[in-house]
Amino acid sequence: MTPSDVKATLSFSDGSPSMELPIYKGSVGPDVIDIRKLYGQTGKFTYDPGFLSTASCNSTITYIDGDKGELLYRGFPIEQLATNCDFLETCYLLLNGELPNVSQKDEFVARVSNHTMVNEQMQFFLRGFRRDAHPMAVMTGLVGALSAFYHDSTDINNPEHRQIAAIRLIAKMPTLVAMAYKYSIGQPFIYPKNDLSYTENFMRMMFATPCADYKVNDVLVRAMDRIFILHADHEQNASTSTVRLCGSSGTNPFAAIAAGVACLWGPAHGGANEAALNMLEDIQRNGGVEKIGEFISQVKDKNSNVKLMGFGHRVYKNYDPRAKLMRETCHEVLTELGLQNDPMFKLAMALEKIALEDDYFVSRKLYPNVDFYSGIVQRAIGIPVQLFTAIFALARTVGWIAQLNEMIGDPEYKIGRPRQLFVGSPKRDVKPIGQR
Ligand code: SDX
């Protein structure tokens with residue numbers, strides 16, 4: 001952080017002493033006003049529910065320019081990573097700050113491959129769930145349960161522990177997601193095969209059965225791998241902030257990542273991809289493209305509480321670059337599968353076109369986000385709708401870990417403990433029950 005020559009001065013109209021606040025510049029993006037001494041000097045808190053104007057940390061991992069619609073992982077544009085790299089290279093980049101060379105990549109891939117199995121006891125947790133349990137309920141339980149198996153890597157302040165916990169979580173998420181899926185359809189679990197690539201392994205654990213092995217389709221594997229890259233990290237979003245706050249208590253990384261899984265489940269966040277596909281299916285069921293106008297009117301009617309899921313973003317006030325890449329991937333997969341006339345894809349593109357010409361969305365700078373097309377491509381690949389957010393969690397695990405490790409490695413970090421504006425009852429006495 002570089003101190004700016006410019007200072008901020010806070011003055012009060014009641015003549016209370018004014019205060020000078022330092023300003024820091026980042027390498028790119030908005031400056032920050034350092035308010036850490038504000039309460040000590042003025043007895044006042046800042047007030048920013050939803051953190052619209054609050055930087056919770058300094059970070060070197062991911063940068064988003066919401067106005068330009070730009071997303072950089074460690075400085076590399078998402079478009080270049082999604083085209084020139086695979087997911088494990090992106091994991092290495094997010095964790096270490098640089099893309100791996102050939103030998104570094106081979107070593108990293110080998111390490112991850114050697115940790116893809118989960119303890120045999122893990123399967124018995126699944127038996128406690130109904131077969132129709134939502135996969136995110138299962139994943140929240142399974143990821144938290146991992147901490148029970150790795151007492152040798154839960155000291156978050158030990159760099160070796162942090163590193164092996166990162167490898168274990170990245171390696172085991174595909175196995176756990178595939179187990180949650182197999183359990184829901186009553187099929188046996190498929191063990192990882194380490195001569196396959198990370199994403200080939202995941203697709204095989206998802207779709208192979210003991211009766212017939214899974215034929216890898218390179219186009220689908222590449223599409224899945226790109227979906228992982230697009231979801232890998234995204235600055236201080238709700239689930240990443242949850243992981244940071246949870247981890248700031250010193251809890252183990254498995255528990256902190258389980259908290260991230262739970263937060264991501266929400267429809268305003270990672271659950272939006274499932275909600276977006278359900279929305280498209282509803283419109284399709286109620287008349288399809290002809291009914292888009294009616295649906296848009298509902299969205300614009302505040303009393304309807306209907307949102308255009310997969311649209312809008314706290315940071316992007318332009319097209320989410322991931323949505324563009326997801327739409328391309330969607331087209332590739334549908335063409336590969338001979339589904340280029342998929343009605344859902346046509347409906348999504350028609351809906352996007354109409355929304356982007358409607359002043360309600362244009363004036364609010366509401367554009368498609370990563371979740372708008374991701375459901376269509378995942379459904380085409382054969383992923384059930386309820387599993388979309390679990391796939392998002394699989395991919396985001398590396399981002400959560402990288403952000404958690406960055407926080408723990410920051411000498412300035414403390415346990416997170418926000419304050420409040422109290423608007424409740426001042427002190428009062430308890431009356432005996434007969435007098436209440
Ligand atoms: C993700 O933070 C991240 O980086 C998240 C994420 C990541 O990678 O981690 O990018 C992943 O979560 C993407 C977002 C997925 N969510 C959705 O698609 C759900 C639908 N979108 C909205 O719920 C909403 O856009 C949010 C939650 C994404 C952002 O909400 P904000 O920033 O709090 O904005 P807001 O709700 O205050 O909206 C501003 C205005 C409001 O109208 P007015 O009060 O001005 O009249 O826009 C309206 C909102 O009602 N609005 C929408 C809308 N999104 C916002 N109206 C209709 N449909 C929508 N989708």
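This is a predicted model: local features need pLDDT of at least 70, side-chain atom pairs count only at pLDDT 80 or more; totals for chains, interfaces and linings use all residues.
R285 and D282 are joined by a salt bridge in which the closest N and O atoms are 2.3 Å apart.

D282 has a relative accessible area of 36% and is partly exposed. Salt bridges with shared partners also link D34, R36 and E412 into one network.

## Other salt bridges

The structure contains 18 salt bridges. One of them connects the side chains of D31 and K25, with an N to O distance of 3.2 Å. D31 is partly exposed, at 37% relative accessibility. K25 is likewise partly exposed, and its relative accessible area is 37%.

Another salt bridge pairs K193 with D195, whose closest N and O atoms are 3.4 Å apart. Here K193 is partly exposed, at 30% relative accessibility, whereas D195 is exposed, with a relative accessible area of 60%.

## The surroundings of the ligand

Which residues come nearest to the ligand? They are H234, H313, R314, R322 and R396, out of the 24 residues around the ligand.

A polar side-chain atom of R396 is 2.8 Å from an oxygen atom of the ligand. In the side chain of R364, an N or O atom lies 3.2 Å from a ligand oxygen atom. In the side chain of Y360, an N or O atom is found 3.1 Å from a nitrogen atom of the ligand. On its own, the ligand has 1100 Å² of accessible area, and the protein covers 75% of this area.

## A nonpolar patch on the surface

Y47, L421 and V423 make up a nonpolar patch on the surface. Together these residues have about 400 Å² of accessible area.

Is L421 buried or exposed? L421 is exposed, because its relative accessible area of 56% is over the 50% limit for that class.

## Loops with a positive phi

E235 has a phi near 60°. This residue is placed in the loop between α9 (218-230) and α10 (238-247). E235 is partly exposed, with a relative accessible area of 25%.

For N305, phi is also positive, at about 60°, although the residue is not a glycine. N305 occupies the loop between α13 (292-300) and α14 (321-336). The relative accessible area of N305 is 72%, and the residue is exposed.

## Residues apart in sequence

V370 is situated in the loop between α16 (359-363) and α17 (371-381). V370 is buried, because its relative accessible area of 3% is under the limit of 20%. V370 and A323 are 47 residues apart along the chain, yet their C-alpha atoms are separated by 4.5 Å.

A further pair is formed by S18 and Q41. S18 lies in the loop between the strands β1 (2-10) and β2 (19-25). With a relative accessible area of 48%, S18 is partly exposed. In sequence, S18 and Q41 are 23 residues apart, and in space the distance from C-alpha to C-alpha is 9.6 Å.

Technical notes. Residues are numbered from 1 along each chain as its sequence is written. Side-chain values use heavy atoms; hydrogens and water are left out. A residue is near a molecule or strand if one of its heavy atoms lies within 4 Å of it. A polar contact is a pair of N or O atoms within 3.5 Å; within protein, one must be able to donate a hydrogen and the other to accept it, and residues adjacent in sequence count only if both atoms are side-chain atoms. Accessible areas come from the Shrake-Rupley method with a 1.4 Å probe; for residues, only the protein chains shown count as cover. Patches are made of residues with over 30% relative accessible area and no salt bridge: like charges are joined within 9 Å, nonpolar side chains (Val, Leu, Ile, Met, Phe, Trp, Tyr) within 5 Å. A salt bridge is a side-chain nitrogen of Lys or Arg within 4 Å of a carboxyl oxygen of Asp or Glu. Buried means under 20% relative accessible area, exposed over 50%, partly exposed in between (1.4 Å probe, protein chains only). Helices (H or I, at least four residues) and strands (E, at least two) are DSSP runs, numbered from the N terminus.
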